[in-house]
Structures are given as structure tokens and as C-alpha cells.
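Here is a short report on one protein chain. Look through the sequence and the model, then read on.

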Amino acid sequence: MGYVAVKGGTRAIEESLKRIQYERLRQGKVLDVTAVEAGMRGLVDQVMSESSLYNEQLAALAIKQAEGNPEEAVFLLRAYRSTLPRKHYSRTVQSDEMRVERRISASFKDIPGGQVLGASMDYSHRLLDFDLVEENEETVAEWLQSYLQPDEIATEEHTRSLQDGRFPKVLDYLRKEGLIAECVDNPTEPDDVTRTSLTFPASRSEKLQILTRGQTGAVTSLAYAVIRGYGMVHPTVGELRVGEIPVYVDSPLASTKDDDDAYFIGDIKVTEVEMLVPATVEKENGRKELQLEFGYGLCYGQNETKAIAMSILDKSLERGDKSVPTQNEEFVLFHIDSVESTGFISHLKMPHYVTFQSKLNDVRKTRKTTAGASQEV
């Protein structure tokens, strides 16, 4: 595509950059990065997930710089991520080791260890709280002191569970009954979509990476299309978990990979969803049988809607009927990426003078030809 230079463009761009700085500062208020990190938890988690970079402080900085625009913040954070060296590969993370903060199942009322509602907007009234306008650090400190008092109602068993934070998986209960297939470990090294271009057919690891990096609204919209009838019956959340998972790396000095030599480098907070999906399977002699399958979703931070949507699309893509848009991996995976889609839409603002003039000339020629033909008639 050809572009032509704009006379005086450098000065105009410099003035534009000054103007955006003015718009950010014109009210004389400075938004502290720590305030963004503390008070915009949902946005920070979303930006980290779409950026594939787990760092709450850097995500908060990107949000401040982008003036709260999540697409721009993701662009900034991905650009920064691309400059970082990759020094180690962590061991495979085991979600069974998650220290759970929130854990629910929509499939079973009673689950081993019990439901843990945790922090969620699901049970709020969704009404504007005008008291937040007058909120200050003094009232916050008083509330925190009151909240952090020991809960006398909690049972001893439940207290022990919260201290340890580990719970059995709900789907293991179904596996014991033979109602859902076992998960077999795949020793194949996963593909890395940040280092090699996506190719089709895509591997499962590529699909899951693209889905977890996908723009939250796009992933949610396509999952909504799935459950409205584009390829799947109504799924049910087998288990949704929010919590912290420990990350380990092997010692660079050890000659063999031994658990005792691994280094614990920290925890990452994630949302994990295992979605149950009924499926009709054709057996011998044309006999059909109903069975349960499941889709999987995992995102950085507390990002529940996206993790649920991811698990739905994971199962939808596995079915692979290209006549159904939400099962067509090329359609889904190419169109949910935040940076790719936002970048292409935004590039339409850039100069297209040469290409448009060419189209305009074609339109004029066509109109002249049409007008001449009409006069002859």
C-alpha cells in the first residue's frame, strides 16, 4: 500500500503528542500508578491476560499511560514484553496445587470441600454506590480493621481448608464414575505463538495461547454466539477456580531435574474453568450415546467471564466443522487478537491518499462512461 508524505507532518505530530499529554494532565491531577494497581484490579487483570505478561505494576503503568484504554495498554505492554530476554522456562504448572480464593460449581450443589464464593460481583445489586465519592483512607482503614477480625462462625474444618487453600477437582468425581474421559499427559513441547507465526491446522497449545491472549470482549462475543446455537448445546460450569499457583524453575546448576533442586520463584493468580458439555457420540450399529466432554480455560488474574468463554471456544474449535464460524479455527483465532484487530482497524486513520485517489478516478471514469452511454441512447 502506498502513502505520500504530508508536508509539515513532523511538527504536526509533535504538537499532537503535546496535546494528548495536555488532555491527560489538564485537570491538574496525577493518577498514581499504585492507585491504579490497587483500585482497578479487574482492568489490570484483563490487560495482563491479553498482554501475556504477568506484572501488576507494569500493567497499571500501561493503563495510566493509555488513559484507561485497554487496547492501547495491551499494545504498550506487549511491545515492552518483546524487549525482555527469556532466561528460563518454568516447570509445568499443576493447577491442583492452586491455593483457592474462590471456587464454585454450577453443576453440583455439594462438591468435595464445599463451594467458596470468594470475591465476586455476581451477588451484588449492580447499583451505583454514591458513598464511594466520599471514600477516604481513614474510613477504608476502619473498614479493613473490622473485616479482618476472625470469623467466629467459620467451622474448624472450613478454616483449615482456607488456610491450606487446596481443594480436590470436581471433574475427578466424574472421572471416578467413568462419566468423563481421563486426561492423559502430553509430553510434547508446546508451541509458542509469541516466537513463531500461527499456522493451520493449529495445535491445541497454539489454540489455548491465542484464546487466553485474545481480546476479552471478542472472546466473550464468540462464546456467546456458540451457546446461542452456532455449534453447541448449553454448557455447564463444572468448576470455576480463582487462586494462586506456585511456579518453579529447574536449577541451572543441576545435571538432572530433581524436585529438591527446583527453585520456587513466586505465585501467579489465575482463573481456571473446566466446562462440561453434553455430546452425542455415535457407537457401533448406528447406536447413539450421550456423554460428557469438557472445555478448558485459564487466564491471568480474576478474569472469570473470559475464562468461561475460552473454555467454550476450546471445545467448539475441537469439533472443527469449518461450515460453522465458531468452529472454524482460522476465523476465530485470527479475529480475537486485541493488538492485531485494533491495529488493523486503527490503521484506517492513516493516510490512504494514493489508493483512495485511484478509486476516486475509477468512480469518475465509470460515471463519465455511464453518462456518455445514456446520451447516445
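A residue counts as buried when its relative accessible area is under 20%, and as exposed when that area is over 50%. Keep this cut-off in mind. The model is predicted.

**One buried serine**

Ser-251 has a relative accessible area of 14%, so it is buried. Where does Ser-251 sit? Its place is in the loop between strand E2 (236-249) and E3. Leaving aside residues up to four places away in sequence, Ser-251 touches Asp-261, Ala-262 and Tyr-263.

**The whole chain**

The chain has 377 residues, and 32% of them count as buried. Its secondary structure comes to 14 helices and 4 strands. The C-alpha trace spans about 90 × 70 × 55 Å along its principal axes. Now take the contacts between residues at least 6 apart in sequence. Of these, 67% join residues at least 24 apart.

**The sheet**

In what order do the strands of the open sheet lie? The order is E1-E2-E3-E4, and the pairing is antiparallel. Strands E1 and E4 stand at the edges. Each has a single partner strand, so one side of each is left without a neighbour in the sheet. From one strand to the next, the twist averages 20°. E3 and E4 run antiparallel and are joined by 13 bridges. Val-270 stands opposite Tyr-300 in E4.

| E1 | 99-104 |
| E4 | 288-300 |

**A helix with a buried side**

Helix H5 covers residues 70-81.

At the start of H5, a side-chain oxygen of Asn-69 reaches to within 3.1 Å of the backbone nitrogen of Glu-71.

Which residues are buried in H5? They are Ala-73, Val-74, Leu-77 and Arg-78. These residues cover an arc of only 130° around the axis, which means they lie on the same side of H5. An α-helix has 3.6 residues a turn, so residues three or four places apart point the same way.

What do the buried residues of H5 pack against? They pack against helix H3 (41-51), helix H4 (56-65), helix H9 (204-213) and helix H13 (338-346).

Definitions and conventions: Residues numbered from 1 in each chain as written. Predicted model: local features only at pLDDT ≥ 70, side-chain atom pairs only at ≥ 80, totals over all residues. Heavy atoms only, no water. Pairing = 2+ DSSP bridges. Helix = DSSP H or I, 4+ residues; strand = E, 2+ residues; numbered from the N terminus. Axes fitted to C-alpha atoms, helices over the stretch in contact; angles between N-to-C directions. Expected span 1.5 Å × (residues − 1). Buried < 20%, exposed > 50% of the residue type's maximum accessible area, 1.4 Å probe, protein only. Arc of directions from axis to C-beta. Contact = heavy atoms within 4.5 Å. Polar contact = N/O pair within 3.5 Å; in protein donor to acceptor, adjacent residues only side chain to side chain.
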